[in-house]
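Biologist: Before I rely on the labels attached to a model, I would like to hear what rule stands behind each of them. Could we go through them one at a time?

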Amino acid sequence: MKVAATIAGLPRFTKEFDSFLQNLKGYDQVDWFFYLWNDPNDKYTPPGWPSNDVDAICAKIASNLPANHTIAYLDVHEMPVYDVTRPLNMTPWT
């Protein structure tokens, strides 16, 4: 069976991500789709993270994925600026 996984936002590879990888064992193929933000001032981004080099980011992530996992798509963009003057969505189901 094939699985597609999506990760978007700031690069965060934590124990929870390792646990997620453990739960993907037994699948024939896992295709990853990454849409990452670049924020060199983010204090949670791993030290030495290649922030703007898509090829280096792809190689770094691929080196930590199991054998049957492939990166189907990876792109890096500037972190969007949030307009703090815009009202927040305060609905109870968000």
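Modeller: Read along the sequence, the chain runs β-α-β-α-β, and its secondary structure comes to two helices and three strands. This is a predicted model, in which local features need pLDDT of at least 70 and side-chain atom pairs count only at pLDDT 80 or more, while totals for chains, interfaces and linings use all residues. Residues are numbered from 1 along each chain as its sequence is written, and side-chain values use heavy atoms, with hydrogens and water left out.

Biologist: Why is Trp49 called buried?

Modeller: Buried means under 20% relative accessible area, exposed means over 50%, and partly exposed lies in between, with a 1.4 Å probe and protein chains only. Trp49 has 14% relative accessibility, so Trp49 counts as buried. Pro11, in the loop between β1 and α1, is also buried, because its relative accessible area is 2%. Phe13 has 29%, and is therefore partly exposed. Of the 94 residues of the chain, 27% count as buried.

Biologist: Why is the pair of Phe13 and Trp49 called tilted?

Modeller: Rings of Phe, Tyr and Trp (its six-membered ring) pair if their centres lie within 6.5 Å; planes under 30 degrees apart count as stacked, over 60 as edge-to-face, and the rest as tilted. By this rule there are five aromatic pairs. Phe13 and Trp49 are 5.8 Å apart centre to centre with 35° between the planes, and the pair is tilted. Phe13 lies in the loop between β1 (2-9) and α1 (15-22) and Trp49 in the loop between β2 and α2 (54-62), so the pair ties together parts 36 residues apart in sequence.

Biologist: Why is the pair of Trp32 and Phe34 called stacked?

Modeller: The ring centres of Trp32 and Phe34 are 5.8 Å apart and their planes stand at 20°, so this pair is stacked.

Biologist: What makes a group of residues a nonpolar core?

Modeller: A nonpolar core is a set of buried Ala, Val, Leu, Ile, Met, Phe, Trp, Tyr and Cys residues joined through side-chain atoms within 4.5 Å. The largest one has 16 residues, and those with the most contacts inside it are Trp32, Phe34, Leu36, Ile57 and Ile61. The elements giving two or more residues to this core are β1, α1, β2, α2 and β3 (69-78), and the largest share, four residues, comes from β2.

Biologist: How do you know that Pro11 is in contact with Leu36?

Modeller: Contact means heavy atoms within 4.5 Å. Leaving aside neighbours within four places in sequence, Pro11 is in contact with Leu36, Trp37, Tyr44, Thr45, Pro46 and Trp49. Pro11 and Pro46 are 35 residues apart in sequence and 8.0 Å apart in space, C-alpha to C-alpha.

Biologist: Why is Phe33 called partly exposed?

Modeller: The relative accessible area of Phe33 is 33%, so Phe33 is partly exposed.
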